[in-house]
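Colleague: Can you walk me through this one? I would like to start with the pockets and then go over some individual residues.

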Amino acid sequence: MRRVFNFSAGPGALPLEVLEKAQQELICYGDSGMSVMEMSHRSKDYDAIIKEAEARLRKIMGIPDNYKVLFLQGGASLQFAMIPLNLLRKSFKADYIESGQFASKALKEAQKYGKINVVGSSKADNYTYIPKVSKEQFDPEADYAYICANNTIYGTKFHEYPDTGNVPLVADMSSCILSEEVDVSKFGIIYAGAQKNLGPAGVTLIIIREDLIGHANEKVPAMLNYKLMADNESMYNTPPTYGIYMLKLMFEWIENQGGVAALEKRNKEKAALLYDFLDQSKLFKGTAQKADRSMMNVTFVTGDADLDAKFVKEAAAEGLVSLKGHRSVGGMRASIYNAMPMEGVQKLVDFMKKFESENL
Ligand SMILES: *Cc1c(COP(=O)(O)O)cnc(C)c1O
């Protein structure tokens, strides 16, 4: 067996320790006599799994008691609709910062349900930076304000979150959740599709302040109503049981790594290694503006599409895979989520140096 260094943006790499634990428990979980995949979601064993997943997450993320944790389906993309359907309730207005394609999709979905104000956009510059928005630009009457905290495709992130006053801030953290410490109390909702930095595809994690639950109009489908999901502790219907189990293993792994603070330190070191090389390279160039660079998705180009393709191909032969950039940026993207060890980034930088010396 040869495991590669997988730089995929999502579904992304998982820590080997987590996969091995899952493998150990695959056929028989504890003394249940069955796989987690075969277990009733109403069973005592499964109840312990989902409760433990939530408890561990609350601990590592420091989630305050007045927030609910939900494990839902439909990917991050379903939240693009679920958020306006549940949160638009008084003014039916919301402020969005358009910092990338996922933010843009979210705001288009929200426009179906209310008056959406785009308070900042970097679309004209192909989302190479995070639009700067001051407190005064936010509508104090808006039902919520929305950001995408880390722009997976463009390699940018909010290094400081906007101050929206009393308006609840909703953040898509699909590609950065648990990569660094965040103060959950600053947000109305934090959500994330699991397949970037949490686990396998199929689970969406939602952390929602309790006062934002229970305002959906009666026409909103049951499956899209946060209240029904919260009242039933994510078990209104069958939840993605195995995915939630994998999240539990991931949260356990994070604790064993020293928690989110330790991962943040390591992630900073990983990103710095790559960006420091890019900044002095004569061949490669980062595509995102320096001040807004992502710690999770590092985007870069040579400026020559053929050379980019050659790089991606030769890197793969060295066991450095899924480095092709998203088509809307081109070039390369190295996604260096929590599961990517320093060793993988070091190997990538070494290979980039070699490629540069051979192709300059
Ligand atoms: C991948 C991604 C999405 C879309 O996630 P799905 O689970 O495929 O719907 C949304 N937002 C961000 C920031 C992402 O990285």
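Predicted model: local features only at pLDDT ≥ 70, side-chain atom pairs only at ≥ 80, totals over all residues.

Colleague: Fine. What is the volume of the largest pocket?

Modeller: About 340 Å³. A pocket here is an open set of points on a 1 Å grid over the protein atoms alone, where a 1.4 Å probe fits, with protein on both sides within 12 Å along at least five of seven lines. The volume is the space filled by probe spheres set on the points, which are joined across faces, edges and corners.

Colleague: And which residues lie nearest its centre?

Modeller: Arg 3, Leu 14, Leu 16, Ala 339 and Pro 341, out of 17 lining residues. A lining residue has an atom within 4 Å of a point. Strand 1 (5-6) and helix 1 (16-25) are the elements that give two or more residues to this lining, and helix 1 gives the largest share, three residues. Helices (H or I, at least four residues) and strands (E, at least two) are DSSP runs, numbered from the N terminus.

Colleague: How does the lining of the largest pocket divide by class?

Modeller: There are 11 nonpolar, three polar and three charged residues. Nonpolar covers Ala, Val, Leu, Ile, Met, Phe, Trp, Tyr, Cys and Pro; charged covers Asp, Glu, Lys and Arg; the others, Gly among them, count as polar.

Colleague: Which domains does that lining draw on?

Modeller: Domain 1 (16-256) and domain 2 (259-359) each supply at least three residues. The bounds come from an automatic or database domain assignment.

Colleague: OK, what about the second largest pocket?

Modeller: Its volume is about 230 Å³. The second largest pocket is lined by 14 residues, and Lys 51, Glu 54, Val 69, Glu 233 and Ser 234 are the closest to its centre. Helix 2 (44-61) and strand 2 (67-72) are the elements that give two or more residues to the lining. Helix 2 gives the most, with five residues. By class, the lining of the second largest pocket has six nonpolar, two polar and six charged residues.

Colleague: You listed Glu 233 there. Is Glu 233 buried or exposed?

Modeller: Exposed, because its relative accessibility is 53%. The cut-offs are under 20% relative accessible area for buried and over 50% for exposed, with partly exposed in between (1.4 Å probe, protein chains only). Glu 233 lies in the loop between helix 5 (226-231) and helix 6 (241-256). Its phi is near 45°, a positive value in a residue other than glycine.

Colleague: What is phi for Ser 322?

Modeller: Positive, about 60°, although Ser 322 is not a glycine. Ser 322 is in the loop between strand 13 (320-321) and strand 14 (332-335), and is partly exposed at 40%.

Colleague: Changing topic: how many disulfides are there?

Modeller: Zero, from a search of the whole structure. A disulfide is counted where a pair of cysteine sulfur atoms lies within 2.5 Å.

Colleague: What does the side chain of Thr 164 reach?

Modeller: The backbone oxygen of Val 167, at 2.7 Å. Thr 164 is in the loop between strand 7 (156-157) and strand 8, and counts as buried at 10%.

Colleague: Last one: where is the cis peptide bond?

Modeller: Between Gly 10 and Pro 11, with omega about -10°. Pro 11 lies in the loop between strand 1 and helix 1.

Conventions: Residues numbered from 1 in each chain as written. Heavy atoms only, no water. Polar contact = N/O pair within 3.5 Å; in protein donor to acceptor, adjacent residues only side chain to side chain.
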